[in-house]
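Look at the overall layout before turning to the details.

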Amino acid sequence: MLDNVLRIATRQSPLALWQAHYVKQRLEACHAGLRVELVPMVTRGDVILDTPLAKVGGKGLFVKELELALLEDRADIAVHSMKDVPVDFPEGLGLVTICERDDPRDAFVSNHYDSLEALPQGSIVGTSSLRRQCQLAESRPDLVIRSLRGNVGTRLGKLDNGEYDAIILAVAGLKRLDLESRIKVALPPEQSLPAVGQGAVGIECRLDDTRTHALLAPLNHLETAIRVQAERAMNTRLEGGCQVPIGSYAELIDGELWLRALVGAPDGSQMVRGERRGHPQDAEQLGISLAEELLNNGAREILAEVYNGEPPA
Ligand SMILES: NCc1[nH]cc(CCC(=O)O)c1CC(=O)O
């Protein structure tokens with residue numbers, strides 16, 4: 001491989017391409033003479049579009065092919081939405097860089113209603129995320145929640161077709177695709193606790209590739225990395241698989257790390273919440289101890305039911 005070239009394995013969805021181009025631009029701005037190339041790939045997750053993710057193997061489907069390309073040295077890095085990165089990495093690969101987080105919140109998107117509160121009884125809301133579903137169902141048990149999959153553009157198309165009265169998407173994804181104008185309200189964490197890593201872009205590479213590590217170093221954002229570390233430690237301790245009703249969100253406020261988390265029954269009938277404050281250096285321990293508190297307060301039973309029961313339609 002040429003000394004001045006770095007290859008990014010990327011999916012070809014508009015969001016994945018935006019994220020890959022973002023990293024390319026930042027790397028080229030940091031390193032004069034470096035040429036960053038995109039290596040576009042198709043993953044199984046891109047091919048299977050009409051089945052709920054929980055039934056076909058979950059989010060891991062979107063990263064396996066990219067990781068294989070790294071292991072076979074057909075690419076040097078893979079760029080991911082941190083939200084979609086499974087907790088475990090294949091032998092020899094790891095996440096070495098987390099870029100500065102964008103808006104982590106969920107967005108309420110509708111063509112007819114200005115807010116969640118304004119939705120009439122029985123309105124149809126689209127989301128395939130159990131995390132969004134359980135929080136919606138808790139505050140508005142009257143709503144009808146229907147599965148919604150596909151790229152951000154596909155999902156908006158289904159809203160515009162009239163299949164849904166409203167849908168929930170990540171603010172960050174809409175912003176990246178220049179679709180911020182579609183957001184009616186960004187939901188505060190109190191109303192829709194974000195997913196682990198939501199809004200942050202992470203970079204995976206071979207653990208022994210010191211040249212790439214050095215090139216990536218200036219892109220790492222320490223505050224974001226600490227927040228996401230606490231969130232991921234929480235999910236890992238819960239053994240949160242791919243499709244889970246778990247929210248996990250950390251903030252750094254005046255030097256203090258504040259982690260909030262929830263586990264909910266998909267129908268919103270039960271919800272276990274907790275929070276912890278501590279030193280940023282203890283991010284991982286904070287996540288683990290909060291997870292243990294939730295497990296002891298009922299999360300264990302909720303998660304067992306979700307994993308053994310039928311995946312939601
Ligand atoms: N599950 C797909 C996905 N993965 C990351 C984002 C948004 C960008 C981000 O959170 O970094 C989205 C779209 C969405 O949830 O609306």
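## Domains

The centres of domain 1 and domain 3 are 26 Å apart, taken over C-alpha atoms. The chain is assigned three domains: domain 1 (5-100 + 200-220), domain 2 (106-187) and domain 3 (231-306). These bounds come from an automatic or database domain assignment.

This is a predicted model, in which local features need pLDDT of at least 70, side-chain atom pairs count only at pLDDT 80 or more, and totals for chains, interfaces and linings use all residues. Residues are numbered from 1 along each chain as its sequence is written.

## Ligand shell

Which residues are around the ligand? They are S81, K83, D84, V152, L169, A170, A172, G173, Q198 and G199. Helices (H or I, at least four residues) and strands (E, at least two) are DSSP runs, numbered from the N terminus.

The shell has four nonpolar, four polar and two charged residues. Here Ala, Val, Leu, Ile, Met, Phe, Trp, Tyr, Cys and Pro count as nonpolar, Asp, Glu, Lys and Arg as charged, and the others, Gly among them, as polar. Domain 1 and domain 2 both give residues to the shell, so the ligand lies between them.

## Nonpolar cores

The largest nonpolar core has 50 residues, and A107, I167 and V263 have the most contacts inside it. Helix α10 (residues 283-308) gives the most, with nine residues. Domain 2 and domain 3 each supply at least three residues. A core is a set of buried Ala, Val, Leu, Ile, Met, Phe, Trp, Tyr and Cys residues joined through C-beta atoms within 7 Å. Buried means 20 or more other C-beta atoms within 10 Å of the residue's own; exposed means 12 or fewer, partly exposed in between, with C-beta atoms placed from the backbone.

A second, separate core of 30 residues includes L6, A16, V36 and C99.

## Helix α6

In α6 (residues 152-160), V152, R155 and L159 are buried. They cover an arc of only 65° around the axis, which puts them on the same side of α6. The arc is that of the directions from the helix axis to the C-beta atoms. The face turned away from that side carries the exposed residues T154, G157 and D160.

Among the elements covering the buried residues of α6 are α1 (14-30), β5 (106-109) and β6 (124-126). Contact means C-beta atoms, placed from the backbone, within 7 Å. G162 follows α6 and has a positive phi, near 90°.

Key:
Near = placed C-beta within 6 Å. Contact = placed C-beta atoms within 7 Å.
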